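Work through the exercises below with the sequence and the model in view.

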Amino acid sequence: MTTSILICDDSALARKQMARALPASLEATVTFAVNGLEALRCLEAQQFDLMFLDLTMPELDGYQTLEAMQQRGIEIPVIVVSGDIQPQAQARVQALGAKAFLKKPVDKSLLKAHLKEYLAAEPPGLDTVIQRVSTPALKRRDIYLEVANVAIGRAADALARHFNVFVNLPLPNVNVFEVSELQMTLRHLASNAQMSGVCQGFSGEGIAGEALVLLSDSSMKDLTAMMNYPVEDEGDCELELLMDVSNLMVGSFLKGLGQQAEVKFLQSHPVLLGQHRPIEEMISLTEGNWRRTMTFEVSYGLEGTQIKCDMLLMFVDESLPLLDNKLSYLMDED
């Protein structure tokens, strides 16, 4: 008997990986949706046996999709598959009716267990052959966007656990920039007239770059208050907080990236670019360091606060062929 499965994810790579992880013995008919709105249209048009749902998507994210399904009375087992692995994220989707949560990249043994549990009449031998589903050819940017999505999920989880908050996970942005374009991006990130910034180098197996972490002055004050630092030591505490946030975010991101690329990255000690300074001054401090760079751009927000933290990871141009090679296994094998 054919099993009808809906896979909803804005990432072309994630859709392909999920489809290819399904055992051929399922004889699955797979339908793809690129966001929650498209998934709802699919669910109202036909019946599915199981749905795999991403959380971080444009148009309608995974949380909003689950809420809409409840409101419309759409009943189907949903397994959330996400790079956002915060404990609160997992608790929220379960409260919204999701049957299970799988972190990206998917563990095939856990997937097999969930298939047996949520499909009423699964055939034997679920772990025999990988399902071959026709998917469009992937572009280089598709690979990097999904790799970044998994990595920022690790960084958000570290922030969430450290500060005991829920981190609103953004859609990542990946671009190859000339220096002038990078400076424009930095100006765009300046959400406040005064900023504090930390720069941190990293390297691993010939792949190298720098990470830049920026916090607006208002964010620094709110974070300092949230952590109950003594007012009389505000200057020292702010500096310590900047270093802690940089180490957490950069280290967690690089760990998530390194796990996918099979590279162990080493971080240098964070270097203070400036506290309570205009973004233009920080841009001037980075001039001359770059010609062309691939940049991962992420903006995190802490729920219930005005706190916003921006992170840019910039890889030197010479590192890109090495990183491409490390991630080449994610490209089409067909």
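The model is predicted, with local features needing pLDDT of at least 70 and side-chain atom pairs counting only at pLDDT 80 or more, while totals for chains, interfaces and linings use all residues. Residues are numbered from 1 along each chain as its sequence is written, and side-chain values use heavy atoms, leaving out hydrogens and water.

**Exercise 1.** State how many helices and strands the protein chain has, and what percentage of its residues is buried.

*Solution.* Begin with the elements, which are DSSP runs numbered from the N terminus: helices are H or I with at least four residues, and strands are E with at least two. The protein chain contains eleven helices and 13 strands. Next, apply the term buried (under 20% relative accessible area with a 1.4 Å probe, protein chains only). Of the 334 residues in the protein chain, 54% are buried.

**Exercise 2.** Describe the volume and the lining of the largest pocket.

*Solution.* A pocket is an open set of points on a 1 Å grid over the protein atoms alone, where a 1.4 Å probe fits, with protein on both sides within 12 Å along at least five of seven lines; lining residues have an atom within 4 Å of a point. The volume, the space filled by probe spheres set on the points, is about 620 Å³ for the largest pocket. Its lining has 30 residues, and Gln17, Pro105, Val106, Lys108 and Leu330 lie nearest the centre. Helix 1 gives the largest share, seven residues. Finally, sort by class: Ala, Val, Leu, Ile, Met, Phe, Trp, Tyr, Cys and Pro are nonpolar, Asp, Glu, Lys and Arg are charged, and the others, Gly among them, are polar. The lining of the largest pocket then has 14 nonpolar, four polar and twelve charged residues.

**Exercise 3.** Determine which helix supplies the largest share of the lining of the second largest pocket.

*Solution.* The second largest pocket has a volume of about 180 Å³. Its lining includes Asp10, Thr56, Asp142 and Pro172. Helix 6 supplies the largest share, four residues.

**Exercise 4.** Find the angle at which helix 1 and helix 6 pack, and name the residues in contact.

*Solution.* Axes are lines fitted to C-alpha atoms over the stretch in contact, and angles run from 0 to 180 degrees between N-to-C directions. The angle is about 80 degrees, with the axes 7 Å apart. Helix 1 is therefore roughly perpendicular (65 to 115 degrees) to helix 6. Contact (heavy atoms within 4.5 Å) is made by Ala12, Leu13 and Ala14 of helix 1 and Asp142, Ile143 and Glu146 of helix 6.

Definitions and conventions:
Angles under 35 degrees count as roughly parallel, over 145 as roughly antiparallel, 65 to 115 as roughly perpendicular and the rest as oblique. Buried means under 20% relative accessible area, exposed over 50%, partly exposed in between (1.4 Å probe, protein chains only).
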